[in-house]
Amino acid sequence: PNSIIIAVTAANQDLATSDALKLAKLADKDGNRTIGVLTKIDLMDRGTDAHSILVGRQVPLKHGWIGLVNRSQRDIDSNITIQDALSREMNFFQNHAQYSNLTDRVGTSTLGEKCTKLLSDHIRKTLPSLKNQLRTLIKEKKEELAIYGEPLHGLTDNPAGQGWILLQILNKFVNDFVAAIDGIPNDINTKQLNGGARIRHIFHEIFTNALNDVQPTTGLTLNDIRTAIRNAAGPKTSLFVPDVAFELLTKRQIELLRDPSFSCVDMVYHELLRIVAEIENKDLKRFAHLRDRVLEVANEMLRKMLSPTNQMIESLIRLELSYI
């Protein structure tokens, strides 16, 4: 939108089929940047002229039409200079009955003056917006450059320097991960719990509430308890509840702790994945492939720890069952 469109059409062809006008209309629907140029006026059939086109009656354009008479191939072969061709052009228009009074609409010099004025006006009009666009782009690029951190000053030119940079980046990533869990991040989130606070909330709120919701007699009826006591007593009448019946019923209820425990592990696991994904490390952002690989390795390590953690929970539940 910051350029001038010169739609060139030969005078000896139908304007309705002009590709130049069609393309100009697609790029400049309002016609604010389009100048019509009509060439080969001297080659029009005898008895016809382009007067109606140049005055804008046939195909009106906001900036009008300019008629030209260009050098032909024969003129070029005859070594007719450009200055001589311009003189012949002016003589043609000045001596033509239909064009002699259209001096402001014909001639190469007129086209040059009109383009210069139109371009100057357009630049003057669009220059403030161009300045704003440049300022915005410069600001965005400076912000993007700041994200990449300080210059490396040739440290990547040798393997030792590359190893040192890699170690520093990984240490910073680990420190950021630990800081997010310990509750000392660079930015404190005031909208929601995250990091270590979220993990504490999972243990002390969500998991505790899930355990409290477990009813000790879930799945047990008085008839079940009575039947278990009778079966444990055998043919004898028991004054007290037999230990075998108590242990049997208690073990069944301890099994109810398994699902809330596994659910707690799963929630903590996903919170750790979220911490890893949200770590904002300037140095790590600089190396996109390294960042992807670090995140991939960190997630894989957490995933590998998920199975042993579940096994530990299973072992704790079995210990409780064995203790009973």
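Trainee: How many helices and how many strands are there in the protein?
Mentor: Helices (H or I, at least four residues) and strands (E, at least two) are DSSP runs, numbered from the N terminus. This is a predicted model, where local features need pLDDT of at least 70, side-chain atom pairs count only at pLDDT 80 or more, and totals for chains, interfaces and linings use all residues. Residues are numbered from 1 along each chain as its sequence is written, and side-chain values use heavy atoms, leaving out hydrogens and water. The protein has twelve helices and three strands.

Trainee: What is the order of the strands in the open sheet?
Mentor: Two strands pair if DSSP finds at least two bridges between them. E1 (5-10) and E3 (65-67) are the edge strands, each pairing on one side only. The pairing is parallel, and the order is E1-E2-E3.

Trainee: Which residue in E2 is the bridge partner of Ile6?
Mentor: E1 and E2 (residues 34-39) run parallel and are joined by six bridges. The partner of Ile6 in E2 is Ile35.

Trainee: What angle does the direction of helix H5 make with that of E2?
Mentor: Axes are lines fitted to C-alpha atoms, for helices over the stretch in contact, and angles run from 0 to 180 degrees between N-to-C directions. Helix H1 (residues 19-27) lies across E1, E2 and E3, at about 160° to E1. Helix H5 (residues 108-147) also packs on the sheet and touches E1, E2 and E3. Its angle with E2 is about 170°.

Trainee: Which residues does Val268 contact, leaving aside neighbours within four places in sequence?
Mentor: Contact means heavy atoms within 4.5 Å. With those neighbours set aside, Val268 touches Ile199, Ile202 and Phe203.

Trainee: Is Phe93 buried or exposed?
Mentor: Buried means under 20% relative accessible area, exposed over 50%, partly exposed in between (1.4 Å probe, protein chains only). Phe93 is at 1% relative accessibility. So Phe93 counts as buried.

Trainee: What is the relative accessible area of Asn79?
Mentor: Asn79 is found in the loop between H3 (73-77) and H4 (82-94). Asn79 is not a glycine, although its phi is positive, about 60°. Asn79 is exposed, and its relative accessible area is 65%.

Trainee: Where does Lys40 lie?
Mentor: Phi of Lys40 is near 60°, positive in a residue other than glycine. Lys40 is partly exposed, with a relative accessible area of 39%. Lys40 lies in the loop between E2 and H2 (51-54).
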